[in-house]
Amino acid sequence: VQLQASGGGLVQAGDSLRLSCESSARTFSWTSVGWFRQAPGKEREFVAGISRPGENTYYGDSVKGRFIISRTNAKSTVYLQVNTLKPADTAVYYCAAALLGAGPSAHYVYWGQGTLVTVSS
C-alpha cells in the first residue's frame, strides 16, 4: 500500500489547512489510517486516527477540538482538517496505514513520505 500525503504549506497562526492521504491500492479501504507528526528535535507524535469503516476516530490530546480526520473510501483518501493552527503545530505530517488495530496503538506498517506544515506567529 503506497501512501501519498499532501496539503502542507506555510500558514499563519489561526489559519487552517486540509491534509490529504491518498492511495490507489484497493486494500486501502481495509486499513485503519493514522496521522503522525514530527517536529525538529522531537519524537514522532500521534495526531489522529480513523478506523477502517470510518466510524471511530482518535485524536492526540494536543489537537482535540481543532483537528478532524475523515475518510472517503470510494476515493481512497483520508483527510485531516487542521484548524486554528499554532506555531507548535509546525512539523512534518505523515500518514500511515495499519491492517491491525486503530488509533494510537494500531500496528502501522505503511507510511507516506510526509508533508511539511509551517505555522508562523
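Biologist: What makes Arg66 and Asp89 a salt bridge?

Modeller: A salt bridge is a side-chain nitrogen of Lys or Arg within 4 Å of a carboxyl oxygen of Asp or Glu. In this predicted model, the side chains of Arg66 and Asp89 come to 2.8 Å, N to O, so the pair meets that definition. Local features here need pLDDT of at least 70, side-chain atom pairs count only at pLDDT 80 or more, and totals for chains, interfaces and linings use all residues. Residues are numbered from 1 along each chain as its sequence is written, and side-chain values use heavy atoms, with hydrogens and water left out.

Biologist: Which parts of the chain does that pair link?

Modeller: Distant ones: Arg66 is in the loop between β6 (57-59) and β7 (67-72), while Asp89 is in the loop between β8 and β9, 23 residues apart. Strands (E, at least two residues) and helices (H or I, at least four) are DSSP runs, numbered from the N terminus.

Biologist: Why is Asp89 called buried?

Modeller: Buried means under 20% relative accessible area, exposed over 50%, and partly exposed in between, with a 1.4 Å probe and protein chains only. Asp89 has 1% relative accessibility, so Asp89 counts as buried. Arg66, at 10%, is buried too.

Biologist: What other salt bridge does Asp89 form?

Modeller: Asp89 also forms one with Arg37, where the closest N and O atoms are 2.8 Å apart. Asp89 lies in the loop between β8 (77-82) and β9 (91-100) and Arg37 in strand β4 (residues 32-38), so this pair ties together parts that are 52 residues apart in sequence.

Biologist: How do you know that Arg37 and Glu45 belong in this picture?

Modeller: Their side chains meet in a salt bridge as well, at 2.8 Å, N to O. Arg37 is buried, with a relative accessible area of 6%, whereas Glu45 has 29% and is therefore partly exposed.

Biologist: What makes Arg37, Glu45, Arg66 and Asp89 one network?

Modeller: Salt bridges that share partners join these four residues. The structure as a whole holds 4 salt bridges.

Biologist: How do you know that β4 and β9 pair?

Modeller: Two strands pair if DSSP finds at least two bridges between them. β4 and β9 have 7 bridges, in the antiparallel sense, so they pass that cut-off. Arg37 stands opposite Tyr93 in β9.

Biologist: Which residue in β11 is the bridge partner of Tyr93?

Modeller: That is Thr115. β9 and strand β11 (residues 115-120) pair in the antiparallel sense over 3 bridges.

Biologist: And how many bridges join β9 to β10?

Modeller: 4 bridges join β9 to strand β10 (residues 107-111), and the two run antiparallel. Leu100 has His107 as its bridge partner in β10. The hairpin of β9 and β10 has 6 residues between the strands, and Gly101 there takes a positive phi near 80 degrees.

Biologist: What makes Thr84 worth a look?

Modeller: Thr84 has a positive phi of about 50 degrees although it is not a glycine. Thr84 lies in the loop between β8 and β9 and, at 45% relative accessibility, counts as partly exposed.

Biologist: Last one: is Ser20 buried or exposed?

Modeller: Ser20 has 12% relative accessibility, so Ser20 counts as buried. This residue lies in strand β3 (residues 17-22). Contact means heavy atoms within 4.5 Å, and the residues that Ser20 touches include Gln4, Trp35 and Tyr79, not counting residues up to four places away in sequence.
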